Amino acid sequence: MPLQIPTAPHYWLLNARVPVCLLDAEGLEPIELLRSSAQREDLVAVDVEIQAGRIQTLIAAGTAQTEALPSVDLRQGLIWPCFVDAHTHLDKGHIWPRQPNPNGTFDSALDVVRQDREAHWQSEDVFRRMEFGLKCSYAHGTQAVRTHLDAFGPQAEISFAAFRALQAEWAERLTLQAVCMVTLDYFCTPAGERLADLVAETPGGVLGGVAFMNDDLAAQMDRTFALAEERGLDLDFHADESLNPEDISLRYVAETKLKLGFTGRVTCDHCCSLTVQSPEDVEKTLSAVKAAEVAIISLPMCNLYLQDRQPGRMPRYRGVTLLPEMQQRGIPTVLASDNCRDPFYAYGDHDGLEVFVESVRIGQLDRPYGTWPSAVTTTAAEAMGLPDMARIAVGQPANLVCFTERTLNELVARRGRDRTVLRHGQPIEMTLPAYAELDDLLV
């Protein structure tokens, strides 16, 4: 059963466990680290005082003087900060019922999404499907979302208008960012410059697109960086979403950032081709990525679904990028949801915990878990330019997810089915929207 959190503005959460990587210990009294050689989990046992929607006190479990304040015993249950989903495609979301992928391949997904966009993506359709995704994200415990928006031609105005309306409507509940999604050659045209202006006029706007290998990639990259620098925008690229070892656009991004001295944040997503490249090529690329301070966003569920898919044949490759190798080099590495119930990924529910759980299983990120919980929380927030978000620290908003599971092993095994989400210290309504809400659009 979900926890019974006091509705009072001032109360204690007692006997909780927090992954040490999620706890900002600056200024805290020493709290003993609970290490288990068998579990290989680094947790701290804490009591947490919540007052006026913020974390007032963090102390070692069992030391709180609760006096007359209400309290709830978490019985060693885990507390995480609310999730941050740094890469989604809300504009594509939930079109599967009317536009499934005929064979599950990447090329087919591109084709049928194009057909659906041309036939259906007007204001109400885009707004309602994006809103449905946000309802799911919020109910599961997410506090910030970055979505990519297809932005060729007139679609840019339609989708960005829907985004801005949702951004205003959800301002008190979710921090939203939007990345334009076009191929980089588009930025070498007047239409591409107008798109950059549209992004700059949008709060939380990020310039981005799909980087793929071609003879003009260096010039396209230079132009994209220049447009972003002129407008003070960060950059976010889809890079090397393939199993072709010749695809090295990630390296182009990193080297361009270094060459131009670009001052904004840069993230690159997918980076699947690294998994089939020689050790020498991998080293060259990751060295450039580290030097350029590029953050990597991996989308394990979608990549596992699409990459190396050939109907009637078992896939040989996972397509998920080199997560441990990147983290070992100190490259900021993020895990995110990507597509949900559309031709690129038939499943998903905008749930940060599902992303973490499936990534642990797919990427073997559990021996030890180390700092991987940060990949859907603190590291994701930093990659989005939200460095004060998704931290458990004194003075921070009490935007928390409380679990009955006591260890990361229990959490991955049972998927936090009885989680309780707190926003500004108060439990929220966690009922998910019914799929039937979209029936009139999709049937």
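With 443 residues, a compact globule would come out at a radius of gyration near 22 Å, and the protein chain agrees, at 22 Å. That radius is taken over C-alpha atoms, and the globule rule is 2.2 Å times the number of residues to the power 0.38. The model is a predicted one, so local features need pLDDT of at least 70 and side-chain atom pairs count only at pLDDT 80 or more, while totals for chains, interfaces and linings use all residues. Residues are numbered from 1 along each chain as its sequence is written, and side-chain values use heavy atoms, with hydrogens and water left out.

Along its principal axes, the C-alpha trace spans about 70 × 50 × 50 Å. Buried residues (under 20% relative accessible area, with exposed over 50% and partly exposed in between; 1.4 Å probe, protein chains only) make up 58% of the 443 residues. Of the contacts (heavy atoms within 4.5 Å) with a separation of 6 or more, 80% come from residues 24 or more positions apart. The chain holds 13 helices and 17 strands, taken as DSSP runs numbered from the N terminus: H or I with at least four residues for helices, E with at least two for strands.

On to the strands. Strand 3 (residues 41–51) is largely enclosed by the rest of the structure, because nine of its 11 residues are buried. Pairing here means that DSSP finds at least two bridges between two strands. Strand 1 (residues 10–19) pairs with strand 3 in the antiparallel sense over eight bridges, and histidine 10 has glutamine 51 in strand 3 as its bridge partner. Strand 3 is also joined to strand 4 (residues 54–60), again antiparallel, by six bridges; valine 48 is bridged to leucine 58 in strand 4. The hairpin of strand 3 and strand 4 leaves two residues between the strands, and alanine 52 takes a positive phi near 50 degrees there.

An open sheet of eight strands runs in the order 7-8-9-10-11-12-13-14, with parallel pairing. Its edges are strand 7 (83–88) and strand 14 (333–335), each pairing on one side only. From one strand to the next, the twist averages 25 degrees. Axes are lines fitted to C-alpha atoms (for helices, over the stretch in contact), and angles run from 0 to 180 degrees between N-to-C directions. Helix 4 packs on this sheet, touching strand 9 (175–181) and strand 10 (205–211), and its direction makes about 140 degrees with that of strand 10. Strand 11 (residues 235–239) and strand 12 (residues 266–270) run parallel and share five bridges, with phenylalanine 237 partnered by cysteine 268 in strand 12.

Now for the helix pairs. Helix 4 (residues 190–201) and helix 5 (residues 217–231) pack at about 35 degrees with axes 10 Å apart, in a right-handed crossing. A crossing counts as left-handed if the near helix is turned anticlockwise from the far one by less than a right angle, and right-handed if clockwise. Gly192, Glu193, Ala196, Asp197 and Ala200 in helix 4 meet Arg223, Leu227 and Arg231 in helix 5. By class, that contact has three nonpolar, one polar and four charged residues, where Ala, Val, Leu, Ile, Met, Phe, Trp, Tyr, Cys and Pro count as nonpolar, Asp, Glu, Lys and Arg as charged, and the others, Gly among them, as polar.

Helix 6 (residues 249–260) packs against helix 7 (residues 279–292) at about 40 degrees, with axes 8 Å apart, and the crossing is left-handed. Residues in this contact include Leu250 and Leu258 from helix 6, with Ala288 and Val289 among those from helix 7. They divide into seven nonpolar, one polar and five charged across the whole contact.
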